[in-house]
Amino acid sequence: MESLYNRNRVVLLHLSFWCVYLSFFVYQVSSVQRGAEIDWLRVLTVVAIQFSFALLIGYLNYFYFLPRFLKDKKAWRYFIQFFLVFAIIITARLVFERYVIDGFTRETRYLYTTRFVVQVITTNLFIVIFLAMIRFAVDWFEFEARQKNIENEKLTAELNFLKAQINPHFLFNTLNNLYYLAYTKSPNTTEVIAKLSQMMRYMMYDSNYEFVPLSKEIEYMQNYISLEKLRLNEQIPITFSLDGNPDDILIAPLIFITFLENAFKHGVSNNQPRAWVNVSISITDGQCVYRVENSKIPLSGKEANQKSGIGLQNVKRRLDLSYPGKHTLEVEDLPDRYSVKLNLQLA
């Protein structure tokens with residue numbers, strides 16, 4: 001029902017206007033004959049004449065003159081053409097009404113007065129202007145809707161592009177891990193391949209949706225942490241905590257993983273026994289707080305210059321697109337640690 005109304009709301013607006021106008025005009029014409037028996041045939045004749053000519057001039061401007069003006073943007077041509085046709089139609093209407101009502105006998109003297117001519121002109125101008133306002137309003141709303149659709153399409157395309165950039169980055173890191181395990185002939189290689197398969201399935205299918213269940217995103221992160229633990233042979237303390245119920249909560253996919261990847265990429269190494277990573281997710285009162293903290297590995301000048309930060313730039317852009325005005329990101333780069341706190345408004 002609502003969809004039917006949305007498709008025909010312009011038509012309903014026009015019908016409503018004409019119903020109100022005709023009701024008022026019938027009342028106005030019939031009130032002239034107060035104190036005497038109302039001649040309904042005369043009233044309906046006058047109403048029919050006014051309605052017919054008002055429709056003609058109103059929708060001639062609505063469908064012909066205004067579209068040409070909006071296309072050419074030449075106001076002088078519009079006013080000359082419109083008022084020439086308007087004068088012809090009003091003159092024809094006056095002549096026709098005088099002929100039909102009293103046959104040019106001048107018995108109805110009011111039809112030949114200047115006041116009547118001014119009344120006809122102003123009434124029809126009002127109708128023309130009102131219909132033109134409807135036309136401008138409809139065109140403006142349609143333009144806004146088109147602009148919004150274009151903007152949404154651009155945002156969707158950019159969002160898909162950013163997500164596509166995340167996938168090769170993750171795959172590259174994981175294949176490096178897999179290569180390391182295979183090279184060292186680790187017995188965990190098959191387990192890594194199985195977990196990688198689950199993660200790739202999530203990335204290829206589930207992450208194509210605008211929002212995914214938070215529980216699936218957490219499962220994806222836990223698989224990633226498991227892969228890292230296997231690569232590091234359980235030598236580095238890694239904690240993951242969840243506070244709150246993630247069921248029935250939706251979140252933009254692959255938002256959290258970039259911070260987690262950076263924590264292992266820049267904060268964990270086999271030859272750093274004091275390295276550590278702490279990850280936590282807290283869900284309370286329609287908010288999700290995600291924290292990642294990791295130790296820092298001293299980098300040489302060459303390694304420091306190679307840090308591009310592309311993944312972090314992408315996730316910041318994705319946050320702006322998926323959670324505009326509904327997120328805060330706090331990053332602390334301390335001498336001994338690096339921490340990220342992301343607060344998302346879920347409602």
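Student: Which element supplies the largest share of the lining of the second largest cavity, and how many residues come from there?

Tutor: Helix α8 supplies the largest share, with 3 residues. Please keep in mind that this is a predicted model.

Student: How does one find such a space at all, and how many cavities of 30 Å³ or more does the search find here?

Tutor: The general idea is that rolling a probe the size of a water molecule over the atoms shows where empty space is left. In this structure, a search of the whole model returns 2 cavities of 30 Å³ or more.

Student: Which residues line the second largest cavity?

Tutor: Its lining is made up of Phe-259, Asn-262, Ala-263, Val-292, Asn-294, Tyr-338 and Val-340. At least two lining residues come from each of α8 (257-267), β5 (287-295) and β7 (337-345).

Student: Which residues line the largest cavity, and how do they divide into nonpolar, polar and charged?

Tutor: The largest cavity is lined by Phe-65, Arg-68, Phe-69, Asp-72, Lys-74, Arg-77, Tyr-78 and Gln-81. The elements giving two or more residues to this lining are α3 (40-72) and α4 (75-102). Helix α3 contributes the most, namely 4 residues. This lining counts 3 nonpolar residues, 1 polar and 4 charged.

Student: Let us turn to charged side chains. How many salt bridges are there?

Tutor: In general, side chains of opposite charge can pair when their charged atoms come close. For this model the count comes to 6 salt bridges. One of them joins Arg-77 to Asp-72, with the closest N and O atoms 4.0 Å apart. Both Asp-72 and Arg-77 also belong to the lining of the largest cavity.

Student: Are Arg-77 and Asp-72 buried, partly exposed or exposed?

Tutor: The relative accessible area decides the class: under 20% is buried, over 50% is exposed, and values in between are partly exposed. Arg-77 has a relative accessibility of 28%, so this residue counts as partly exposed. Asp-72 stands at 33% and therefore also counts as partly exposed.

Student: Which side chain meets Lys-296 in a salt bridge?

Tutor: Lys-296 meets Asp-333, at 2.5 Å from N to O. This pair links distant parts of the chain: Lys-296 lies in the loop between β5 and α9 (301-305), while Asp-333 lies in strand β6 (residues 327-333), 37 residues apart. Lys-296 has a relative accessible area of 34% and is therefore partly exposed. Asp-333 has 52%, so this residue is exposed.

Student: Which residues are linked in a network of salt bridges?

Tutor: The network links Glu-293, Asp-336 and Arg-337. Within it, Asp-336 forms a salt bridge with Arg-337, whose closest N and O atoms are 3.8 Å apart. Asp-336 is partly exposed, because its relative accessibility is 46%. Arg-337, with a relative accessible area of 28%, is likewise partly exposed.

Student: Finally, how does one compare separation in sequence with separation in space, and what are the values for Leu-56 and Phe-86?

Tutor: One sets the two values side by side. Leu-56 and Phe-86 are 30 residues apart in sequence and 9.8 Å apart in space, taken from C-alpha to C-alpha. Leu-56 is placed in helix α3 and, at 44% relative accessibility, counts as partly exposed.

Note on methods:
Residues are numbered from 1 along each chain as its sequence is written. This is a predicted model: local features need pLDDT of at least 70, side-chain atom pairs count only at pLDDT 80 or more; totals for chains, interfaces and linings use all residues. Side-chain values use heavy atoms; hydrogens and water are left out. On a 1 Å grid over the protein atoms alone, a cavity is a set of points where a 1.4 Å probe fits but cannot get out, and a pocket is an open set with protein on both sides within 12 Å along at least five of seven lines; lining residues have an atom within 4 Å of a point. Grid points are joined across faces, edges and corners, and a volume is the space filled by probe spheres set on the points. Ala, Val, Leu, Ile, Met, Phe, Trp, Tyr, Cys and Pro count as nonpolar, Asp, Glu, Lys and Arg as charged, and the others, Gly among them, as polar. Buried means under 20% relative accessible area, exposed over 50%, partly exposed in between (1.4 Å probe, protein chains only).
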